[in-house]
Amino acid sequence: MRGMKYANFQVLRETQYVCPVILLEVGFLSNREEAEHSIKVSSIRAYALVILNSIINS
C-alpha cells in the first residue's frame, strides 16, 4: 500500500459538493498480469472486501 495522497483530479474536485468521493487505484491495466488478474470474479470480490474493511476500520 502506498498510503493516502491528496490531488486535484477533476473526478474528485467536480463531485465534492454532490457526494463524498474516493478515488482508488487497485491495479495497472497496462500490466498484462494485473489486467488478467483483475477480471477474475474472485479478485473483484477480494478487492471489494479489502475496500469495505478499510472503510469500516477507518
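The basis of the values comes before the features themselves.

## Basis

This is a predicted model, in which local features need pLDDT of at least 70 and side-chain atom pairs count only at pLDDT 80 or more, while totals for chains, interfaces and linings use all residues. Residues are numbered from 1 along each chain as its sequence is written, and side-chain values use heavy atoms, with hydrogens and water left out.

## Largest pocket

The largest pocket holds about 1200 Å³ of space. A pocket is an open set of points on a 1 Å grid over the protein atoms alone, where a 1.4 Å probe fits, with protein on both sides within 12 Å along at least five of seven lines; lining residues have an atom within 4 Å of a point.

Its lining has 23 residues, with Gly3, Met4, Leu23, Leu24 and Glu25 nearest the centre. By class, the lining residues are 16 nonpolar, 4 polar and 3 charged. Helix α3 (residues 41-56) gives the largest share, 5 residues; helices are DSSP runs (H or I, at least four residues).

## Salt bridges

There are 2 salt bridges, each a side-chain nitrogen of Lys or Arg within 4 Å of a carboxyl oxygen of Asp or Glu. One joins Glu14 and Arg13 (3.3 Å, N to O). Glu14 is partly exposed at 49% relative accessible area, where partly exposed lies between buried (under 20%) and exposed (over 50%), with a 1.4 Å probe and protein chains only.

Arg32 and Glu36 form a salt bridge at 3.4 Å, N to O. Both lie in helix α2 (residues 32-38), 4 residues apart. Arg32 is exposed at 65%, whereas Glu36 is partly exposed at 45%.

Key: Points joined across faces, edges and corners; volume = space filled by probe spheres on them. Helix = DSSP H or I, 4+ residues; strand = E, 2+ residues; numbered from the N terminus. Nonpolar A, V, L, I, M, F, W, Y, C, P; charged D, E, K, R; others polar.
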